[in-house]
Amino acid sequence: MLDLVGMREHDPHTGDDAHAALVRAGADGDADTAGTVLREELEETLALLRRPVTRTPYVPE
């Protein structure tokens, strides 16, 4: 999916901070923070998927 939406073209570490925050929240048993982090990431991903395609998507050979 990352290749499809070009998320890592400008930042190869896209999503790393959110993933780390989600892992921390899970390890701490903090369901509220985990839910917030996950919801924000999913909203950002959905926004990327909804934008018009402006380049050829990655197709594995």
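**Exercise 1. In which helix is the place of valine 23? Determine also how exposed this residue is.**

Solution. The structure is a predicted model.

Step 1. Valine 23 has its place in helix H2.

Step 2. The relative accessible area of valine 23 is 48%. Residues count as buried under 20% and as exposed over 50%, with partly exposed in between. Valine 23 is therefore partly exposed.

**Exercise 2. Describe the overall make-up of the protein chain and the confidence of its prediction.**

Solution. 

Step 1. Three helices and zero strands are found in the protein chain. Along the sequence, this gives the pattern α-α-α.

Step 2. The average pLDDT of the protein chain is 82, and 70% of the residues score at least 70. Confidence is lowest in helix H1 (residues 2–5), where the mean is 66. It is highest in helix H2 (residues 16–28), at 94.

Step 3. Of the 61 residues in the protein chain, 15% are buried. The accessible surface of the chain is about 5,100 Å², and carbon and sulfur atoms account for 56% of this surface.

**Exercise 3. Examine helix H2: state its span, then assign residues to its buried and exposed faces.**

Solution. 

Step 1. H2 consists of 13 residues. From the first C-alpha to the last, H2 reaches 18 Å, close to the 18 Å expected at 1.5 Å a residue.

Step 2. The residues Ala18, Ala21 and Ala25 are buried in H2. They lie on the same side of H2, because they cover an arc of only 60 degrees around the axis. The general rule is that an α-helix has 3.6 residues a turn, so residues three or four places apart point the same way.

Step 3. The face of H2 turned away from the buried side carries the exposed residues His19, Arg24, Gly26 and Ala27.

Step 4. After H2 comes glycine 29, which has a positive phi, near 70 degrees.

**Exercise 4. Carry out the corresponding analysis for helix H3, and identify a helix that covers its buried residues.**

Solution. 

Step 1. H3 (residues 31–50) has 20 residues. Its first and last C-alpha atoms are 28 Å apart, close to the 28 Å expected at 1.5 Å a residue.

Step 2. In H3, the buried residues are Ala34, Val37 and Thr45. Seen down the axis of H3, these fall within an arc of 70 degrees, so they line one face of the helix.

Step 3. Asp32, Glu43 and Arg50 are exposed residues on the face of H3 turned away from its buried side.

Step 4. The cover over the buried residues of H3 includes H2. Conversely, the buried residues of H2 pack against H3.

Methods. Residues numbered from 1 in each chain as written. Predicted model: local features only at pLDDT ≥ 70, side-chain atom pairs only at ≥ 80, totals over all residues. Heavy atoms only, no water. pLDDT = per-residue confidence, 0-100. Helix = DSSP H or I, 4+ residues; strand = E, 2+ residues; numbered from the N terminus. Expected span 1.5 Å × (residues − 1). Buried < 20%, exposed > 50% of the residue type's maximum accessible area, 1.4 Å probe, protein only. Arc of directions from axis to C-beta. Contact = heavy atoms within 4.5 Å. Areas by Shrake-Rupley, 256 points an atom, 1.4 Å probe, with all protein chains shown as cover.
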